Amino acid sequence: MIIDIFHDIVCPWCRIGKKNLFTALAEWKREHDEEVTIRYRSYLLEPNMPKVGRPFQEHMAEKMGGRERMMQVFAQVTRAGADVGLHFDFTKVERMPNTWLAHTLLKCTPTALVDGMLDALHVAEFEEGKDVGSLEVLLELAARVGLDLDEVRTALTEDAKRAEIEADLALARQIGIQGVPFVIIGEKLALSGAHSPANFLKAFAEAKKVD
């Protein structure tokens, strides 16, 4: 079974959706002897974000129509994260980054390490308040996961994965994706949003029927 996940690094619901998906997969694999391949697809929630990013709370307040609404959304995400064992601390986030380099780093990461790399990016963004649009921060995270820093630095500075990222973005436009997370299961069934483990399990079963 192939699972395509369209996501952006700064999307908190993508983090929650990933946790729910992996919870569902762990249960599914206990009952099904089936190889699962996950393909992370890049998506840019803020395609016009400056390379240096913007002040986080200022940007989010503008986007959400005011500080009060922003704080309500942060509280909702924090509760939803806590419900599945994920910590969010929006008080630490200072920059809304341009995520192109972070997607590049993920594309550079070997398959066996890519889930850990994405988790490290999420922790840096949502728990530590680090600027995941910064080359220095991304190199630090690459070191945590055990990547070759010379290779990563070259890939990031030379935009080595541009063609792959642009292909993902083009596919998203072709499909008509307007938000993330967006998960395609078995190249047949699509789920938009951070679904529960139960919903993912139902989708896995439905995809198997289609096969």
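Which residues in helix 5 meet which residues in helix 6?

**Entry 1: basis.** I worked from a predicted model, in which local features need pLDDT of at least 70 and side-chain atom pairs count only at pLDDT 80 or more, while totals for chains, interfaces and linings use all residues. Residues are numbered from 1 along each chain as its sequence is written, and side-chain values use heavy atoms, with hydrogens and water left out. I took helices (H or I, at least four residues) and strands (E, at least two) as DSSP runs, numbered from the N terminus.

**Entry 2: helix 5 and helix 6.** I looked up the opening question and found that Gly116, Met117, Ala120, Leu121 and Ala124 of helix 5 meet Leu138, Leu141, Ala142 and Val145 of helix 6; contact here means heavy atoms within 4.5 Å. By class, this contact holds 8 nonpolar, 1 polar and no charged residues. The nonpolar class is Ala, Val, Leu, Ile, Met, Phe, Trp, Tyr, Cys and Pro, the charged class is Asp, Glu, Lys and Arg, and the others, Gly among them, are polar.

I then looked up the geometry. Helix 5 (residues 114-126) and helix 6 (residues 135-145) pack at an angle of about 135°, their axes 10 Å apart. That makes helix 5 oblique to helix 6. Angles under 35 degrees count as roughly parallel, over 145 as roughly antiparallel, 65 to 115 as roughly perpendicular and the rest as oblique. Axes are lines fitted to C-alpha atoms, for helices over the stretch in contact, and angles run from 0 to 180 degrees between N-to-C directions.

**Entry 3: strand 5 and strand 6.** I noted that these strands run antiparallel and are joined by 4 bridges; two strands pair if DSSP finds at least two bridges between them. Ile184 has Ala190 in strand 6 as its bridge partner. The hairpin has 3 residues between the strands, and Gly186 there takes a positive phi near 65°.

Glu187 lies in the loop between strand 5 and strand 6 (189-192). Glu187 is not a glycine, yet has a positive phi of about 55°. At 55% relative accessibility, Glu187 counts as exposed (buried is under 20% relative accessible area, exposed over 50%, partly exposed in between, with a 1.4 Å probe and protein chains only).

**Entry 4: other loops.** I found Asp159 in the loop between helix 7 (149-157) and helix 8. Its phi is near 55°, a positive value in a residue other than glycine. Asp159 counts as partly exposed, at 22% relative accessibility.

I found Pro181 in the loop between helix 8 (162-175) and strand 5 (182-185). A cis peptide bond, with omega about 5°, joins Val180 and Pro181.
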